[in-house]
Amino acid sequence: MNARSELPLVADDDTVQTRADAAASGRFIGQSLPRTGARKLLQGRGSYLDDIRVPRLAHVVFVRSPHAHARIVSLQLEEARACPGVIAVVDGPALAAWCTPWVGVLGHLKGIKSAEQHAIAIERACSQGEAVAAIVADTRRQAEDALDHVTVEWDVLPAVTDMQASLDGSVVIHPQLGDNVCFHRELVTEGFEAAFAGADLVVEKTYDFARHTGVTNEPRGILADYNPAEHTLTVYQGTQAPHMMQDIFSRHLGIPESNVRVICKDVGGSFGIKVHVYPDEMATAALSVMLRRPVKFVADRMESFLTDIHAREHTATVRLACTKAGDIIGFDLVDLTGIGPYSVYPRTSGIEGNQVVNLTGGPYRHAHYRARLDVVFTNKNVTCQYRAVGHPIAMALTEGIVDEAARALNMDPAQFRRRNMIADDAYPYTFPSGVKFEKLSHHQCLDKLLAAMDYEGLRAEQQALRARGVYRGIGLAAMIEVTNPSPAFYGVGGARISAQDGATLRLDPAGMVTVLVSVTEQGQGTEAVFAQVAATAVGVGMDRVRVITGDTAVTPYGGGTWASRGAGIGGEAVLQAGRALKANILEVAAAMLSLDADLLDVRDNQVVDAMSGVVRMSLAELGRVAYFRPDTLPMGFQSELTVTRHYTPREYGFTFTNGIQASLVEVDVQTGFVKLLKHWCVEDCGTILNPMLVDEQIRGGIVQGIGAALFEECLYDEAGQLLNGSMAEYLVPMAAEMPDIVVAHVETPTRSSELGAKGAGEAGTAGAPAAVMNAINDALAPLGVNLSAQPFTPQRILRALGAVAA
Amino acid sequence: MSEARMTTHVLVNGQAIEREVPVRQHLVDFLREDLGLTGSHLGCEHGVCGACQVMIDGQVQRGCLTLAVQVDGRRVDTIEGLSDSGELAQLQQAFLAHNAFQCGYCSSGMLLTALHIVRHHRQADRETIRDLLSGNYCRCTGYQAIVDAIESVLRAGSQPASASVLAALGTKGA
């Protein structure tokens, strides 16, 4: 490579476009700029977990249960211990001395219960894939070779795989808990029964949702490096919540929190998969302490399918009552969800069902609501929070039954929605479920969507095509989304998960701004939008900002990336820190120039006269003086060119967003295949920091939701065996099947922060399955066919059409 | 047990390499573990996701389905080499400009498929681009930005990496 003898003080890393924009306005918030600091990912020069090399690194693999439920009669490890390269072979009881167990419950989910869970199972495996021993070796190949030399004698126990059977409780998975119910919740509004009894129309339908999983392209991984000399643990981990993990390693491994450092470098996709405590990752950290050397675990794809959290296995019956004029009176929900043998630590597996209860009825005005939720244990893999937690279920239930009501009343589904959506001037608004909305824009979004898609034109085309035997369908799905959660989400329940985040901004001597933020980068462009906010707040160009995230030893303390909180919470912290840094910069300039700071400003990397814009000095000159020649400043003046600010949303439990999606599909009634012709989304995430990043993140979310609707399903047999645990068998959306997706926005900034940004990461996934489902059912309506079990595979469609036997 | 090994000669990113490798070792593991070329990623290890793709004698191949010994006497180009040579420069710029990546884990493989499209399917429309990309899994984007980026390069016509692009890459890269 053409190494250069002299590098410029300011690295020339930006594009011509960003430089031009900097000169033009100095305001980067809201601009579609290319991501800063992301070129490395396009040159194969990122640093993902498995790319990290440290000396004396050992590799761990796990002996996993082939059975869904089985008692360990004996575990013979001696032969494996003798295999080449093997350093240690450790079972559950041996590891338990190094890692304390946990129970995945939260105080505010009243009555939630779960069993104690160990990093490596002791006595019994409760799902296929649960680890019962660990093999540590010099290389991964050696460790995997030794797996064949472990002999386990199993006593196979009855497996509970059906949710209803679990609820009935003839076999109780954890006898000490008394039954299989992890969490139960009921709520009913006053006068509910009478309101439903008096309704002109009540429609009812039962929906089934398949289990699916995140399938991050990069599998889970951890590299734990214990240093016995200092009693410190450095953990490299692909995680969304480094500080949460720091606390957990500290408490369960008995190392002071300040001695634990969690570093999260580049992450190959998370989607909620990488925000949980996994037994094999805890075991890896414990093994590092036990063996006093670095140990790495990276899941292979088969392990990912078996042990990455699953989500969304629900059977729910929903009823909607309305007047004959088409006014919704209320919703009635009964939801049953199966979560595997344990509630996942520390966020619990009760949250998803709880969200379904909170969110069903979503966008619509109604006075009455009744809900009953049962979250039950099963002998399948555990489920927990996965992108858009509970929303895809709640939106599909709501939007599905809304379409049923419209059909029963012979009303156009768009008209029915317009009639019932909460009015845009009705906020703040409190739902019968108790959820509060600050300000939403359902009607604006609906109008914009219908115009963008030419709804009337498509309806006319649909009619014309039906006459020729072509079955096209149009599906609408309005949505609401939980973003920017307050401490009410986890903290009040006793979880040590931060609801606040922090940003530290430092002006460096060369005039560069270094930004350290507790929110992590999972690829969504967090660091890029923080750079945009920081550059705007301080008054520098994008090329002057460097952002560092993902290191508990370096960044302020915070929650990380989940629940669509990064931009809204982390962004506000960056904005406030940026403003504070600018004020401090001006104090230094004022001291240098013997002027009042109010007369000065920072624009385009320079200190200028606020009124005239005349340049007084560069930030590099200011940095030079502040750091190297403070002797020239007035006696008693101390510059403060590093500032930290934090932000916690407090006013509302969640800062809700809203939006609406539409799907246009064509169903081939001969083959059962669904062709996605086009998809539209209008959504309102408040202040948009970078439209280009938001749009493609929403598209990615929509595609993930389409996967749920059409392809994805973790198939288990009655014995609890996963039948499709590879990418050859578990289908995910690929480029060829996906449509072009039109994304548009309405901007209603939240007034709870100065930045005004709400979350955007999960909206696509929340609404897409409902839109596709409604489109398919709209297409097949003339044939009297209606589907309610996701995913809508050709097999299910042909069965519904009567073309193949059920 | 002792592993069967075999001496393998291979030209990796233009550099002649001679190594004794286990006969069961996959090419992507050889590149990552033995040569430190970690730009090719392991996603599924069974040939579905495409994150491990490399060029073998100019053809895009799955590094996880190829044994290291199979490239004996052949030329292998990885994302690192194709970045340094400038062959990917135009596509990389387009991917950045269109935000055709998020986490970047698929990008190494995705860019190699894109290079194949740009070289061999110059008239490809959006549907054809989507078909040709269907062997590369991306969980982050909606694929649309990737299609947009490739389409923009096709529309811009054939522009071999110029000296200035190479120079720019030199200061920005490695």
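**Notebook: chains A and B**

I began with chain B: of its contacts with a separation of 6 or more, 60% are between residues 24 or more positions apart. I count two residues as in contact if their C-beta atoms, placed from the backbone, lie within 7 Å.

This is a predicted model, so I note that local features need pLDDT of at least 70, side-chain atom pairs count only at pLDDT 80 or more, and totals for chains, interfaces and linings use all residues. Residues are numbered from 1 along each chain as its sequence is written, while chains are lettered from A and ligands numbered from 1 in the order in which they are written.

**Chain B**

I looked up the elements of chain B and found seven helices and five strands. Helices (H or I, at least four residues) and strands (E, at least two) are DSSP runs, numbered from the N terminus. Along the sequence the pattern reads β-β-α-β-β-β-α-α-α-α-α-α. Of the 174 residues in chain B, 55% are buried. Buried means that 20 or more other C-beta atoms lie within 10 Å of the residue's own, with C-beta atoms placed from the backbone.

**Where A touches B**

I found 50 residues of chain A in contact with 50 residues of chain B. On the chain A side, α2 (39-42) and α19 (691-710) each supply at least two residues. α19(A) gives the most, with seven residues. By class, I noted 21 nonpolar, 14 polar and 15 charged residues on that side. Nonpolar covers Ala, Val, Leu, Ile, Met, Phe, Trp, Tyr, Cys and Pro; charged covers Asp, Glu, Lys and Arg; the others, Gly among them, are polar.

**α19(A) against α20(A)**

Next I followed α19(A) to helix α20 (residues 763-780) of chain A. Their axes, lines fitted to C-alpha atoms over the stretch in contact, come within 7 Å and cross at roughly 40°. That makes α19(A) oblique to α20(A). Oblique is what remains after roughly parallel (under 35 degrees), roughly antiparallel (over 145) and roughly perpendicular (65 to 115). Residues of α19(A) that meet α20(A) include Ile698(A), Ile702(A) and Leu710(A). By class, this contact has eleven nonpolar, seven polar and one charged residues.

**The core**

I then looked up the largest nonpolar core and found 305 residues. Such a core joins buried Ala, Val, Leu, Ile, Met, Phe, Trp, Tyr and Cys residues through C-beta atoms within 7 Å. Helix α17 (residues 566-593) of chain A gives the most to this core, with 13 residues. Ala534(A) is among the residues with the most contacts inside the core. Leaving aside neighbours within four places in sequence, I find Ala534(A) in contact with Leu505(A), Val513(A), Val515(A), Val545(A), Val574(A) and Gly578(A).

Note on methods:
Axes are lines fitted to C-alpha atoms, for helices over the stretch in contact, and angles run from 0 to 180 degrees between N-to-C directions. A residue is buried if 20 or more other C-beta atoms lie within 10 Å of its own, exposed if 12 or fewer, and partly exposed in between; C-beta atoms are placed from the backbone.
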